[in-house]
Amino acid sequence: MYRLYWAKGTGAFAPNAVLAEAGAPFERVEVDKAAGRHREHGYLGLNPRGQLPTLVLPDGTLVTESLAIVLQLCDALPEAGLLPAPGSAERGRCLRWMAFGAVDLYEANLRYVYAERYTSDPGGAAGVKEAGRQAVERDWRLIEAALGETEGPFLLGERFSAADIYLAMLGGWHHDLPAFLEASPRAARLMQAVAARPAIAPLWREYYAGEPVLAF
């Protein structure tokens, strides 16, 4: 059985949603970030950087990094059909935008929210935060354009994939969500379609309680 260490507002949403969609047996262990449990010795033994999520595979192998966990699960649970076949053009499209989200957009969000972590100059945080904001807006313009290449609502058109889960997760973190949803109708449609899925809807409410995308 899989074991997922998670907390609200973290990248655990995507692997949690993949597990739910796949119907795989798993247990969740909530890590109380407010109480600093992610910085305690026990959890640092699983994830030395104290980040969430962490997945323990059935054989005890540890996997960290949200995208790595999602890809591991999609490969281990192919019957769920959450990624196209290896080597296909559709797989390449999914991997492109998932990697873009994980490497570029995810990090831009972190620079906006935790600007002080990205500079050793106490007076430099404001500049880091603004650069993060600009990067978030730039990245979502690129994703919005990519979503316009199909009729939607998903990245692959009518076909749902793990890429949609990952992009929806990132969208839920936007620093000005109401304005973002209004300015990015394709991303808003994708997020609403993901959040409405029966296996994911309870998770979305748990991870993103009260966000306006829930008004579907």
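Two residues are in contact when they have heavy atoms within 4.5 Å of each other. The exercises below use this cut-off on a predicted model.

**Exercise 1.** Find which residues Phe13 is in contact with, leaving aside its neighbours within four places in sequence.

*Solution.* 
Step 1. Set aside the residues within four places of Phe13 in sequence.
Step 2. Apply the cut-off to the rest: Phe13 is in contact with Ile165, Met169, Ile200, Leu203, Trp204, Tyr207 and Tyr208.
Step 3. The largest nonpolar core has 61 residues, and Phe13 and Met169 have the most contacts inside it. Helix H6 gives the largest share of this core, eight residues.
Step 4. Keep the other core apart: a second, separate core has six residues, including Tyr5, Val31, Leu52 and Val56.

**Exercise 2.** State which residues of helix H8 are buried, and why they lie on the same side of H8.

*Solution.* 
Step 1. H8 spans residues 185–195, and its buried residues are Ala187, Ala188, Leu190, Met191, Val194 and Ala195.
Step 2. These residues lie on the same side of H8 because they cover an arc of only 160 degrees around the axis.
Step 3. Recall the general rule: an α-helix has 3.6 residues a turn, so residues three or four places apart point the same way.
Step 4. Name the partners: the buried residues of H8 pack against helices H5, H6, H7 and H9.

**Exercise 3.** Describe the lining of the largest pocket.

*Solution.* 
Step 1. The largest pocket holds about 880 Å³ of space.
Step 2. It is lined by 28 residues, of which Gln51, Leu52, Tyr106, Leu110 and Tyr114 are the closest to its centre.
Step 3. The lining divides into 12 nonpolar, 10 polar and six charged residues.
Step 4. H4 gives the most to this lining, with six residues.

How values were computed: Residues are numbered from 1 along each chain as its sequence is written. This is a predicted model: local features need pLDDT of at least 70, side-chain atom pairs count only at pLDDT 80 or more; totals for chains, interfaces and linings use all residues. Side-chain values use heavy atoms; hydrogens and water are left out. Buried means under 20% relative accessible area, exposed over 50%, partly exposed in between (1.4 Å probe, protein chains only). Helices (H or I, at least four residues) and strands (E, at least two) are DSSP runs, numbered from the N terminus. The arc is that of the directions from the helix axis to the C-beta atoms. On a 1 Å grid over the protein atoms alone, a cavity is a set of points where a 1.4 Å probe fits but cannot get out, and a pocket is an open set with protein on both sides within 12 Å along at least five of seven lines; lining residues have an atom within 4 Å of a point. Grid points are joined across faces, edges and corners, and a volume is the space filled by probe spheres set on the points. Ala, Val, Leu, Ile, Met, Phe, Trp, Tyr, Cys and Pro count as nonpolar, Asp, Glu, Lys and Arg as charged, and the others, Gly among them, as polar. A nonpolar core is a set of buried Ala, Val, Leu, Ile, Met, Phe, Trp, Tyr and Cys residues joined through side-chain atoms within 4.5 Å.
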